[in-house]
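Trainee: Could we go through this structure together? I would like to begin with the charged side chains.

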Amino acid sequence: MENKIPYKTYLNENEIPKQWYNLRADMKNKPAPLLNPGTLKPMTAEELSGVFCSELVKQELDNDTAYFDIPEEIQNFYKMYRPSPLVRAYCLENALGTPAKIYYKFEGNNTSGSHKLNSAIAQAYYAKKQGLKGVTTETGAGQWGTALSMACSYFGLDCRVYMVKVSYEQKPFRREVMRTYGASVTPSPSDTTNVGRKILAEHPGTTGSLGCAISEAVEAATSNEGYRYVLGSVLNQVLLHQSIIGLESKAAFEKIGVKPDVIIGCAGGGSNLGGLIAPFMGEKLRGENDYRIIAVEPASCPSFTRGKYAYDFCDTGMVCPLAKMYTLGSGFIPSPNHAGGLRYHGMSSTLSQLYDDKLMEAVSVEQTAVFEAATQFARVEGILPAPESSHAIRVAIDEALKCKETGEEKTIFFGLTGTGYFDMVAYQKYNDGEMTDYIPSDDDLAVGFAGLPKVDL
């Protein structure tokens, strides 16, 4: 095999980015502001500081500062598992018989198993710097909760996690990793909060959703002195921290003299996708380069491809600020499939604005097709991918097969957000032929849309 470009390209320790990139600074159309759920006016820094850490509020509201210095303590933590490799998928290319060149950025080289640690350590750092006792959060597949429990352990903070009930039951070992790092883990919705009890009364036997878990975590934070709420996706601050993925990727591509044509990322709330595409989208916005960027979401929770672009509550309990985003409605409860962290009802306001401006595409894929791609990838590339990541793998393979038909030698780049070693129940279902595809009907989606708040701005 001709192999002029290495299988793996690493930056050296000194080449790890020392600043995060704020994509919003280069956006002509800025993402719409968060709204106070009571007044429907833009949230102020003072109002947000009751829920989030003060420094994170500044990052959340800043649409103009292009680069933020990464504190030295966070840089030092990053060096324990970063830089992550940019991998040329030679084996997958050969298996597909495609002229396309396929690359992926692998973010699973840490105990949390995913990219989530990039923002978890930053948010824990700012909480510690503020003198807080601890933080509360939600988690879907468990990657964010695992990452945050690690980060809180590092800084000596209490960590309280509300885990979507279906994932809590499907992934007991993920839960135990969190507990090993000292976190408390509660299946959501639960009877430990007012909003949890209300949701259980209205939806007996519900398997939960990220929207439910967010509501409980926010209530727990605001009702306990010395605590703040932290979120693993959706918010501007999270996309800012995750830009380290794209910045490293771009630097690695430049190191080997390669430019991607197609960039593909899985999309749930937006943390991975936003971080992966950030510097590439920045070039696109500034007119310096052009890239085809594809967001991939599950057909069971299709917020981009079938949602409405509107202001909506970020949580099921309707206690959080309203965000303008592509949404299925805060009351939408997705099916208990194995999409894990991609079961959020809405999408990042930043990414929603970019999608609405037609600066990127979106596709939805069905569960069995996703696991077919995951299995093929695992067998030839040797990494068992997370179900979330496998959505991007599915479309990367599809794009590579199109190149096989046309003879085009495109360079395809996707984000491998993490590993799937805690997702074996899902793989078992697929291997046993018991996995099914669920696609919500228009009537199913209409229920969520009916609950959208009336906002006239």
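Mentor: R82, K105, E107 and E248 are linked in a network of salt bridges. A salt bridge here is a side-chain nitrogen of Lys or Arg within 4 Å of a carboxyl oxygen of Asp or Glu. Please note that this is a predicted model, in which local features need pLDDT of at least 70 and side-chain atom pairs count only at pLDDT 80 or more, while totals for chains, interfaces and linings use all residues. Residues are numbered from 1 along each chain as its sequence is written, and side-chain values use heavy atoms, with hydrogens and water left out.

Trainee: How many salt bridges does the structure hold?

Mentor: The structure holds 24 salt bridges. Among them is the one between R394 and E372, whose side chains meet at 3.2 Å, N to O. This pair links distant parts of the chain, 22 residues apart: R394 lies in helix α16 (residues 387–406) and E372 in helix α15 (residues 367–381). Helices (H or I, at least four residues) and strands (E, at least two) are DSSP runs, numbered from the N terminus.

Trainee: Is R394 buried or exposed?

Mentor: R394 is buried, with a relative accessible area of 9%. E372 is partly exposed, at 42%. Buried means under 20% relative accessible area, exposed means over 50%, and partly exposed lies in between (1.4 Å probe, protein chains only).

Trainee: Which residue forms a salt bridge with E399?

Mentor: K402 does, and the closest N and O atoms are 3.2 Å apart. Because E399 and K402 are three residues apart in helix α16, about one helical turn separates them. E399 counts as buried at 7% relative accessibility, whereas K402 counts as partly exposed at 43%.

Trainee: And which residue does R179 pair with?

Mentor: R179 forms a salt bridge with E176, with 3.0 Å between the closest N and O atoms. Both residues lie in helix α8 (residues 172–180), three residues apart, about one turn of the helix. R179 is partly exposed, with a relative accessible area of 49%, and E176 is partly exposed as well, with 28%.

Trainee: Let us change topic to the sheets. In what order do the four strands of the open sheet stand?

Mentor: The order is β8-β7-β6-β9, and the pairing is parallel. Two strands pair if DSSP finds at least two bridges between them. β8 and β9 (227–229) stand at the edges with a single partner strand each, so one side of each is left without a neighbour in the sheet. Neighbouring strands of this sheet are turned by 20 degrees against each other on average, direction ignored.

Trainee: How many bridges join β6 to β7?

Mentor: Six bridges join strand β6 (residues 134–139) to β7, and the two run parallel. The bridge partner of T139 in β7 is M163. On the other hand, β7 and strand β8 (residues 184–188) pair over five bridges, also in the parallel sense. There, the partner of R160 in β8 is S184.

Trainee: Why is β7 described as largely enclosed?

Mentor: Five of the seven residues of strand β7 (residues 158–164) are buried, so the strand is largely enclosed by the rest of the structure.

Trainee: What do β6, helix α6 and β7 make?

Mentor: With helix α6 (residues 143–155), these strands make a right-handed β-α-β unit. Right-handed means that, with the strands pointing away from the viewer, the path from the first strand over the helix to the second runs clockwise.

Trainee: What about the sheet of seven strands?

Mentor: That open sheet has the order β1-β4-β5-β15-β10-β11-β14, with mixed pairing. β1 (8–9) and β14 (361–365) stand at the edges, each with a single partner strand, so one side of each is left without a neighbour in the sheet. Strand β4 (residues 86–88) and strand β5 (residues 101–106) pair in the antiparallel sense over three bridges, and the bridge partner of R88 in β5 is Y103.

Trainee: Finally, which residues have the most contacts inside the largest nonpolar core?

Mentor: They are W20, I277, F304, L351 and M360, in a core of 74 residues. A nonpolar core is a set of buried Ala, Val, Leu, Ile, Met, Phe, Trp, Tyr and Cys residues joined through side-chain atoms within 4.5 Å. A second, separate core of 33 residues includes L384, A392, C403 and Y427.

Conventions
Axes are lines fitted to C-alpha atoms, for helices over the stretch in contact, and angles run from 0 to 180 degrees between N-to-C directions.
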